[in-house]
Every structure is written in C-alpha cells, then in structure tokens.
Amino acid sequence: MTLSRIAARVRRIKPSPSTSAADRANELRRQGKSIVNLVVGEPDFDTPPHIRQAAAAAIEKGATRYTLMAGTVELRQAIAAKLERENGLRYAMNEIIATSGAKSAIYNALAVTLEPDDEVIIPAPYWVSYPDMVLACEGTPVTVACPEANGFKLTPAQLEAAITPRTRWLLINSPSNPTGASYTAGEYRALAEVLQRHRQVMVMTDDIYEHIRFDGQATPHLLAVAPALRERTLVINGVSKTYAMTGWRIGYAAGPADLVQAMDTLLSQSTGNCCSVSQAAAAAALDGSQDFVAESVAIYKQRRDRTLALINDIPGLHCSPPPGAFYLYIHCGGLIGKTTPEGKRLDQDGDVVMYLLESEGVAVVAGTAYGLSPYFRLSIATSIETLEEGCARIARAAAALR
Ligand code: PMP
C-alpha cells in the first residue's frame, strides 16, 4: 500500500518516540549488545495479588461478555468513590466513562470535541502523545515552553498569551511526564483566574501520576481549587501507573454528561467497551487495600534519590529533584558541543542519546520528543542495580567526550 492512501490526518503523526527508542534498544540487544533500558514508563512491579485474584474470580463467574459501553456499574461506582475519597470530587454514573487506558480517554475526548484547526494548549515538556493525538483529530497543538527556571510549569501570563478564540482545550498533566512537575493549589488558583476570562477553553487534567509523589505532598486537584471550572473540565485518570496495571488497559474520564455521552457514542461505534475482566480488576484496585501504592512509592523514592545523586555527580549533567512521577528529566547542555572518541560532535540532545546508546548501550529518550531541549528522560521504574549500572555507563560515556 502506498502512503498516499493513508489519510492526511494520520500522515501528520509519528510513532511514539519512546516506543521507537525502546525498539532500537531491543534491536541492539538482539544483536548481542548489552543494553540498559531506561526508556519505558511503566512500573516494573507485578500487579498486586488481590487485583489479580479479582480478575480470576471475574473470569470464573462468567464476566466475559460485553459490558455497558461506559463500563460496568461496579467499576463506575468504584471510580466515583475514588474521585470523592481522594480528590473531593462528586460525579454521577452518567458523568463517568471507563476506557481502554487513559490514552484512549484522552484521544476520544479530543476526537469528539475538536473541529479542524481548533487549538489545544500543551505546556512543554509534555507527554509525547498529546500533540500527535491533537493532530490525529485534525486540531492544532499549541505548545508553550515551560523552562526549568519556572519548575517546568505554565505561568498565568503564558496561559493568557497562548489563548486565542480558537482555543478549545488546555491540557494539564500534574505530576508531569517527563519532568514530575506538580502544580500547587496556589498555582492552580492563578491559572483558574485566567480561565475564568476565557469561557471557550475546556480543561483536561491528566492525573495518571497523582499518587506517585516523593515530597510527601498530596496532589491537589484543579477542580478542588476552582470548582467553577467543573462544567468545562474533563478529569482523566487510570489504574496503569498507580497499581502496576499497564497491560490491563483501564483508564477513565469524568466530566460533563454531554461530553461523556458523546465519548460513549464514539466508543460504541469504534472500540466498544473496555475489557470486562480488566474492569473487575480495576474495581478491586480502586476499592481494595491501597498498601501497594505507599510501598511502591517508597521504592520509587529510593531509586529517585540514588539515581539523582549519581547523575548530578556527572560533569555536564544536571537534574533537579522531580516531586513526582517516575522519571528524571536531565539537562545535558554541558555535553552539547563536545566530540565523541569517534570524532562526532554532539550538536543536540538527540545526538547525546544516540551516543549513549551506541557507545555504552544505555537507552534513554531525547528531550526533543517532549518539546524542551537539551534534556533526556530516564525512567526510574526499574531496579536500583539497573539504575546504578546505567548511571555508571552514562558517566563513562560522558568522561570519554572531548
Ligand atoms: N498520560 C500520561 C502522562 C502518561 O505518561 C501515560 C502513559 N505513558 C498515559 C497517560 C497513558 O496511560 P494508560 O496506560 O492508562 O493509557
């Protein structure tokens, strides 16, 4: 099939850069090279036993058929209870929809709301999929660079300047992938003041990393701070990261009933309901013991602290402690302009990342993928031994530069 048969909106998008980096690392591993893969953004833990058991029980009970499009009543009740208990937000059953991962919830929300050339404000660094999802829905991503000096966060003045009559959505991801940046209640209040003046702007809050915090702080919710935004906010979340359930594919959205109904209709004519067995597992995750969350976060924190110390010991690299999520977004400006032993000059973060992979077999993702350079992202969702080995290799590669 020639590329010309593929629709223009799909030709505008590219495969996820983190997936491509992981593919390249796997290819090198197949060739026999020793690879330390610090690319993947998924917990390395198994799904907790009580969640797996709930899924097994669901299979035995015959919960293997189509469910309601928006998800089972049990799951939506568990989501509603979670939103109230953890975020202080109240949603009715018809304001909640379960989807095949948070990814699908975000995509569907964009698909049912964007007219061609509608704008979506995306603070950068951003999760790699946001701009491409907007493009796939024929919208225009408006990325706003949020430098490290501002904690990688969008300021009210930047928001004000980015809004136009065509702005349809503001996308907020706190804690953020890739920087871990997390908005405080006060920062949300200031952003909400700007939004009050621009009623055409809807807000999507991607809360997928809300529980993965290292600073002992609870993650505030925009809607808890600015309840007036409820009628134009869509809350996105899921069980992938919090409960080590990436493969189960359960995410959800909560928001105005008409928006949720439109998503329901689109899903009913495209993917259909999300997996019945996974829905039972997700309900058990939300309703059951939350011990795993605290235990895994304590482990992520040890890894973060150790890796941060090792990275900040390497001349040319710098990373400030991320308050949440499970990544380090490492400034590599000190390596730019240097030359490799093979005589290649490192002109940008993509060159640094390629050099780390080819010379020492360390796989990370270049900052260009997240919209702010010169950086690279390192995932700490792996064992401390792997992280130590990765940092030792990065240090060796950096020391070999001239
Ligand atoms: N949002 C962000 C910021 C993410 O990092 C990810 C996963 N990489 C997702 C959403 C998607 O999560 P899910 O597995 O639930 O689709």
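## Around the ligand

The shell around the ligand splits into three nonpolar, eight polar and two charged residues. Here Ala, Val, Leu, Ile, Met, Phe, Trp, Tyr, Cys and Pro count as nonpolar, Asp, Glu, Lys and Arg as charged, and the others, Gly among them, as polar. Of the 13 residues around the ligand, the ones that come nearest are G101, A102, K103, G238 and S240; a residue is near a molecule if its C-beta atom, placed from the backbone, lies within 6 Å of it. The biggest giver to this shell is helix α5 (residues 101-113), with three residues.

Keep in mind that this is a predicted model: local features need pLDDT of at least 70, side-chain atom pairs count only at pLDDT 80 or more, and totals for chains, interfaces and linings use all residues. Residues are numbered from 1 along each chain as its sequence is written.

## Helix α5

Helices (H or I, at least four residues) and strands (E, at least two) are DSSP runs, numbered from the N terminus. The end C-alpha atoms of α5 are 19 Å apart, which agrees with the 18 Å that its 13 residues should span at 1.5 Å a residue; the expected span is 1.5 Å times one less than the number of residues.

Ten of the 13 residues of α5 are buried, so the helix is largely enclosed by the rest of the structure. Buried means 20 or more other C-beta atoms within 10 Å of a residue's own, exposed means 12 or fewer, and partly exposed is in between, with C-beta atoms placed from the backbone. The buried ones in α5 are G101, A102, K103, S104, A105, I106, Y107, N108, A109 and L110. Their cover includes β2 (96-99), α6 (129-136), β6, β7 (233-238), β8 (251-254) and α10 (257-268), going by contacts (C-beta atoms, placed from the backbone, within 7 Å).

## Helix α8

Helix α8 (residues 185-196) has twelve residues, and its first and last C-alpha atoms are 16 Å apart, close to the 16 Å expected. Which residues of α8 are buried? They are Y188, L191, V194 and L195. These cover an arc of only 115 degrees around the axis, which puts them on the same side of α8; the arc is that of the directions from the helix axis to the C-beta atoms.

That buried set packs against α7 (156-162), β6 (202-206) and α9 (222-225). On the face turned away from the buried side sit the exposed residues G186 and Q196.

## The three-stranded sheet

An open sheet of three strands runs in the order β9-β12-β11, with antiparallel pairing. β9 (327-331) and β11 (365-366) are at the edges with a single partner strand each, so one side of each has no neighbour in the sheet. Two strands pair if DSSP finds at least two bridges between them. β9 and β12 share five bridges, with Y375 of β12 as the bridge partner of H331. β11 and β12 (residues 375-379) pair over two bridges, and V365 has R377 as its partner in β12.

Even so, β9 is mostly covered, with five of its five residues buried. Y327, Y329 and H331 lie on one side, L328 and I330 on the other.

## G361 in its loop

G361 belongs to the loop between α13 (349-360) and β10 (362-363). With 19 C-beta neighbours inside 10 Å, G361 counts as partly exposed. Leaving out residues up to four places away in sequence, G361 touches L28, K33, S34, I35, V36 and R393. I394 is 33 residues apart from G361 along the chain, and their C-alpha atoms are separated by 9.2 Å.

Terms used:
Two residues are in contact if their C-beta atoms, placed from the backbone, lie within 7 Å.
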